[in-house]
Amino acid sequence: MNVWLVKLEEQLPLDESYRPYRMGLLEDALVKRGHQVTRWCSDLNHHTGEYRFGKDTSVDFASNQRFEILNSGFRYIKPVSPLRLLDNYYLAFKFKRRALKSKLKPDLIVCAMPTPELARATADIAMHFKIPYIIDARDYWPEIFDNELSGLKRLLASPVIYSMRKNLHYACTNASSLVGITEFYRDHLISYSGRSLSANDGVFYLGFDASLNQLSESEIVDAKNYWKSVLNLDLDTEPKKIIYFAGRFNRTVFNAIEPVLKAAEYFNANCSDYLFVLCGSGQFGNQIIEKLNGLDNVFLPGEISSKNLSYLRKKSFVALQPIENRIDYLNSLSNKFFENISSGLPILTSLKGITQQVIEKEQIGFSYDNVDELIEYLKMLTSNMMIRGEISKRASDVFVQSYSSEVVYEKFADHCEMICKNCS
């Protein structure tokens, strides 16, 4: 089977400090089965803001792995901006133009949504080659823009939102299969298709590759020394309880950071056991730093390598997920959620929705409404380490049984083979 995977922003094995996300994990599962995989992606590394090659490039990575890298010429910084929009539209155009000239016909295309423009291009390409295609929803486009924008911004964006809806309707109506990271996202695509749910549709969680948690002896030494230099602590011997966060410092985190700030202030004044280590960067990084600046028990080390994060998770007490209760986040389980439970970390989150439902059902953490609840949960876990240990074990077990990359992406690969066989 020759499979094309279409997603602009994800990292590639070519990248320094590469870690596989959804397309990378699906790619791995398909390659292990002997399938030929071509990934279509942007030349702009979404994580670093730098070009990989500065031009359109084809890379034969392995005997059955190929990367088709497209350069738009637009270098965006903000995740939502006119330049990002231009980049999306132009890359969708280039993808379609280059794909239609391909000498090697694909047997199946899996396209991530967003963007609706790429989904539309995928539909046209698949119909040209007379092959099946799968649309895979990870975000609530374009509805999230309609929900979040107001006033003049909403008015100016309305033609773009209309175009996105039109493109998504076209793509979903003609798709062989509609899938999503949760039922909500799958059903979002179904609503655009004008048909009922079928056996060809599915749900595949984001999952996580737990092998990223496995460090060699030299990597452990390097990570230990790194954190000792950053925190001025030996995490093997110092009796500090690390309150862990890693993620993007975006608007949704900024809008939910206040209880974390107040909890850090409380423990800074009343208890020296806790150390809040918040890793990451983003559009609201400076504002978050300003809020937390001056607290002795808070460290904001910026972007951290996956290996150093893996080591820190192993030494942490709990994981924080301060995220605004926005409709798209209420209906998804994030990459960070799976990372955290893969390391056996109890989750403390401000999120409700599906995250709270899974946490409560599996008893792997707590959802707090305010700073007082956050403080009480931390105190309770500290005062009863047996409970904390039980939560940690359940988190690890739930991850292995339901959310590891081996479980999730073997099922996704099965689904790809089924769609290719039944819909060709």
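What follows is a friendly dialogue on reading some features of this predicted model.

Trainee: What should I keep in mind before I start?

Mentor: This is a predicted model, so local features need pLDDT of at least 70 and side-chain atom pairs count only at pLDDT 80 or more, while totals for chains, interfaces and linings use all residues. Residues are numbered from 1 along each chain as its sequence is written, and side-chain values use heavy atoms, with hydrogens and water left out.

Trainee: At what angle do helices H15 and H16 pack?

Mentor: Helices (H or I, at least four residues) and strands (E, at least two) are DSSP runs, numbered from the N terminus. Axes are lines fitted to C-alpha atoms, for helices over the stretch in contact, and angles run from 0 to 180 degrees between N-to-C directions. Here H15 (residues 371–383) and H16 (residues 385–403) pack at about 100 degrees, with axes 5 Å apart. Angles under 35 degrees count as roughly parallel, over 145 as roughly antiparallel, 65 to 115 as roughly perpendicular and the rest as oblique; H15 and H16 are therefore roughly perpendicular.

Trainee: Which residues of H15 and H16 meet?

Mentor: Contact means heavy atoms within 4.5 Å. From H15 come Met380, Leu381, Thr382 and Ser383, which meet Met385, Ile387, Arg388 and Ile391 of H16.

Trainee: Is Thr182 buried or exposed?

Mentor: Buried means under 20% relative accessible area, exposed over 50%, and partly exposed in between (1.4 Å probe, protein chains only). Thr182, in the loop between strand S7 (177–180) and helix H6 (183–193), has 1% relative accessibility and so counts as buried. Its side chain reaches the backbone oxygen of Asn331 at 2.7 Å. Leaving aside residues up to four places away in sequence, Thr182 touches Val203, Tyr205, Asn331, Ser332, Leu333 and Ile354.

Trainee: Which residues of H9 are buried?

Mentor: They are Pro259, Val260, Leu261, Ala263, Ala264 and Phe267. Their cover includes strand S10 (274–279), helix H10 (285–292) and H15.

Trainee: What about the backbone?

Mentor: Most residues other than glycine have a negative phi, and most peptide bonds are trans. In this model, the peptide bond from Pro114 to Thr115 is cis, with omega near 20 degrees. Another cis bond joins Trp141 and Pro142, with omega about -10 degrees. Pro142 lies in the loop between strand S6 (133–137) and helix H4 (143–148).

Trainee: Where does Lys130 lie?

Mentor: Lys130 is in the loop between H3 and S6. Although not a glycine, Lys130 has a positive phi of about 60 degrees, and with a relative accessible area of 70% this residue is exposed.

Conventions. A polar contact is a pair of N or O atoms within 3.5 Å; within protein, one must be able to donate a hydrogen and the other to accept it, and residues adjacent in sequence count only if both atoms are side-chain atoms.
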